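Student: Can you walk me through this one? I'd like the helices, the sheet and the chain contacts.

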Amino acid sequence: MLNPVVLRITLRATLGRKRALVFLLVPLVLLLITVTLKLVAVSPVWPAEFLGAFGFSVVLPLTALIIGTSVLGAEIDDGSIVHLLATPVSRTAVVLSKFAAAVALTIMFGALPEFVAAGIARGFGGKLALGLLAGALVASVAYNALFVMLSVLTTRAIAAGLLYLLVWEGLLGNLVGGVRVLSIGQYSVSVANAIAKASALNAHLTLTTAIGMGLVVTVATLAVAARRLSAFSVKGEAV
Amino acid sequence: MNGGCLIELRGVSRWYGNVVAVNDITMTIGPGITGLLGPNGAGKTTLLNLMAGFLAPSRGELTVAGEPSWRNPRSFKVLGLVPERDSVYAFLTGADFVASTARLHRLPDPGAAAQRAIEIVDMAAAQDRRIATYSKGMRQRIKVAAALVHDPRVLLLDEPFNGMDPRQRLEMMDLLERMAGQGRTILFSSHILEEVERMSGTIQVIVGGRLAASGDFRAIRRLMTSRPHVFLVRTSADRALGAALIGRPAVTGVELTQRGLSVRTCDFGAFSRELAGLCRDGGIRLHEVLPSDESLESVFSYLVTT
């Protein structure tokens with residue numbers, strides 16, 4: 001279902017721009033703070049507290065937001081998507097390839113730095129590092145499925161994604177318990193917590209719920225994205 | 001398989017809210033070269049997007065090679081599209097871009113197919129440069145190469161002559177004529193009638209979303225040369241030249257204006273030949289000759305009313 005040509009062009013388009021340097025900025029900040037905190041050692045649970053809060057509610061969602069909305073969204077915006085769609089490649093393959101590229105890039109610039117930070121804090125073979133890596137992988141997959149879908153549905157995908165992150169996950173997720181069942185942030189910290197067993201991670205879902213719902217959200221959003229891309233319309237001159 | 005390269009529209013309309021972009025068009029486009037002409041905003045791009053499956057008809061039926069193109073990516077096995085917008089993957093080289101397109105089509109030998117297409121549009125010399133460095137005409141040609149790479153039976157081109165210099169334009173026309181000669185269906189749009197003067201084939205004129213006229217290029221060309229032209233002529237002795245001009249059969253009206261002499265002619269060729277002779281005979285110095293009604297709308301509306 002993946003198309004290697006789409007995958008390759010997408011990776012080149014994203015990594016070839018100067019913006020790729022911006023992707024490095026966030027993980028650098030993460031690692032820098034981790035090293036600083038390790039040196040000053042504020043509290044015994046700081047790694048789970050800091051990497052859970054900053055890593056899972058800032059680094060991963062924002063990295064996925066920037067990457068997930070641009071892998072397909074940038075081409076839709078500038079019209080170059082027409083060259084890709086004027087071929088018999090199935091629209092599902094286009095969406096899945098774009099999604100795969102976004103996941104790979106988010107792992108590179110979000111999940112791996114999170115793992116390295118946890119490793120610096122508590123050792124690379126430790127439960128915390130492995131737990132955070134597993135959680136970060138879940139985040140890379142599910143967030144990108146959502147953001148790729150948003151980029152097909154609306155030209156304001158970044159705004160829509162920020163709204164989801166800040167209002168739905170950030171605000172309502174903390175106030176209304178039921179919202180957590182539909183929160184990608186909760187899926188990822190819950191998976192992380194199932195391995196790391198750290199209460200500071202602030203996880204509220206069982207492993208089964210987190211993985212099950214994560215899968216449902218990923219498959220559903222990608223299906224919507226493929227459906228909408230099949231009905232892709234070029235804006236006419238009358239509009 | 002003759003129906004294999006037909007574009008058929010039956011009562012096709014497309015509207016956006018209250019705006020009707022394409023209004024009840026029925027036509028069949030077969031092998032050979034067809035020009036889709038009309039002023040800007042007439043609905044040409046909308047029509048091409050409908051044919052390429054990048055828009056759903058609001059009403060009516062549209063098929064390419066017997067299959068509807070909307071929601072049917074497989075139609076690109078027989079169809080090639082050169083979009084009007086200039087956005088391509090500028091970070092790729094021309095050769096990369098065309099070869100990638102060949103791979104997206106799953107051609108058995110994408111490298112060879114890409115080379116063949118690049119040769120056809122005469123871009124071999126620049127194929128290893130990044131597209132970002134290309135001129136507009138080169139981008140146009142590399143887009144044509146990408147659209148040709150799978151040897152489509154039907155090729156749609158949206159304003160292919162845009163941004164080309166006269167030599168490139170002639171080459172592109174020769175290329176389109178050659179492909180049409182191989183039995184393909186070539187449909188291109190243009191808003192500049194003069195661009196397509198040399199072409200043979202048929203044209204479809206779209207004005208205001210409607211099919212306003214269709215027919216043979218040669219017939220339309222005759223209409224174009226015999227249509228009334230208005231020129232603004234500035235000389236050292238406007239009144240004397242005006243008196244001489246009104247005596248010629250090619251001139252149907254002369255008016256003295258503040259800016260010079262406004263001359264209406266029904267025979268563009270004869271007028272331009274005689275003007276110089278009249279000036280020389282009368283010892284009149286010719287400062288300027290300007291066509292003053294060359295707006296596309298006036299040309300198209302003339303074609304539509306005749």
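**Helix, sheet and interface**

Tutor: In α3(A), 18 of the 25 residues are buried, so this helix is largely enclosed by the rest of the structure. Buried means 20 or more other C-beta atoms within 10 Å of the residue's own; exposed means 12 or fewer, and partly exposed is in between, with C-beta atoms placed from the backbone. This is a predicted model: local features need pLDDT of at least 70 and side-chain atom pairs count only at pLDDT 80 or more, while totals for chains, interfaces and linings use all residues. Residues are numbered from 1 along each chain as its sequence is written, and chains are lettered from A and ligands numbered from 1 in the order in which they are written.

Student: How are helices and strands assigned?

Tutor: They are DSSP runs, numbered from the N terminus: H or I over at least four residues for helices, E over at least two for strands.

Student: What does α3(A) span, end to end?

Tutor: Helix α3(A) covers residues 46-70 and reaches 34 Å from its first C-alpha to its last. That is close to the expected 36 Å, where the expected span is 1.5 Å times one less than the number of residues.

Student: Where does α3(A) bend?

Tutor: At Gly55(A), by about 45°. The bend is the angle between axes fitted to the seven residues ending there and the seven starting there.

Student: Switching to chain B. What's in it?

Tutor: Chain B has nine helices and 14 strands. Its C-alpha atoms fill a box of roughly 75 × 45 × 35 Å along the principal axes. Of its 306 residues, 42% are buried.

Student: What's the strand order in the open sheet?

Tutor: It runs β6-β7-β8-β3-β9-β10 in chain B, with mixed pairing. Two strands pair if DSSP finds at least two bridges between them. The edges are β6 (79-82) and β10 (210-216) of chain B, each pairing on one side only. Neighbouring strands are turned by 15° against each other on average, direction ignored.

Student: Which pairs are parallel, and which antiparallel?

Tutor: β7(B) and β8(B) run parallel, joined by four bridges. Val154(B) stands opposite Thr185(B) there. β3(B) and β9(B) are also parallel, over four bridges, with Gly35(B) partnered by Ile203(B). β9(B) and β10(B) are antiparallel over six bridges. In that pairing, the partner of Ile203(B) is Gly215(B).

Student: What about the hairpin of β9(B) and β10(B)?

Tutor: Two residues lie between the strands, and Gly208(B) takes a positive phi near 60°.

Student: Which helix packs on the sheet?

Tutor: α1(B), residues 44-52. It touches β3, β6, β7, β8 and β9 of chain B, and its direction makes about 150° with that of β7(B). Axes are lines fitted to C-alpha atoms, for helices over the stretch in contact; angles run from 0 to 180 degrees between N-to-C directions.

Student: Now the interface. How many residues are in contact?

Tutor: 26 residues of chain A and 28 of chain B. Contact means C-beta atoms, placed from the backbone, within 7 Å. On the chain A side, α1(A) gives the most, with five residues. That side divides into 13 nonpolar, nine polar and four charged residues. Ala, Val, Leu, Ile, Met, Phe, Trp, Tyr, Cys and Pro count as nonpolar, Asp, Glu, Lys and Arg as charged, and the others, Gly among them, as polar.

Student: And Ser80(A), buried or exposed?

Tutor: Ser80(A) is buried, with 20 other C-beta atoms within 10 Å. It is in the loop between α4 (73-78) and α5 of chain A. Leaving aside neighbours within four places in sequence, Ser80(A) is in contact with Glu75(A), Ser87(B), Val88(B) and Tyr89(B).

Conventions. Two residues are in contact if their C-beta atoms, placed from the backbone, lie within 7 Å.
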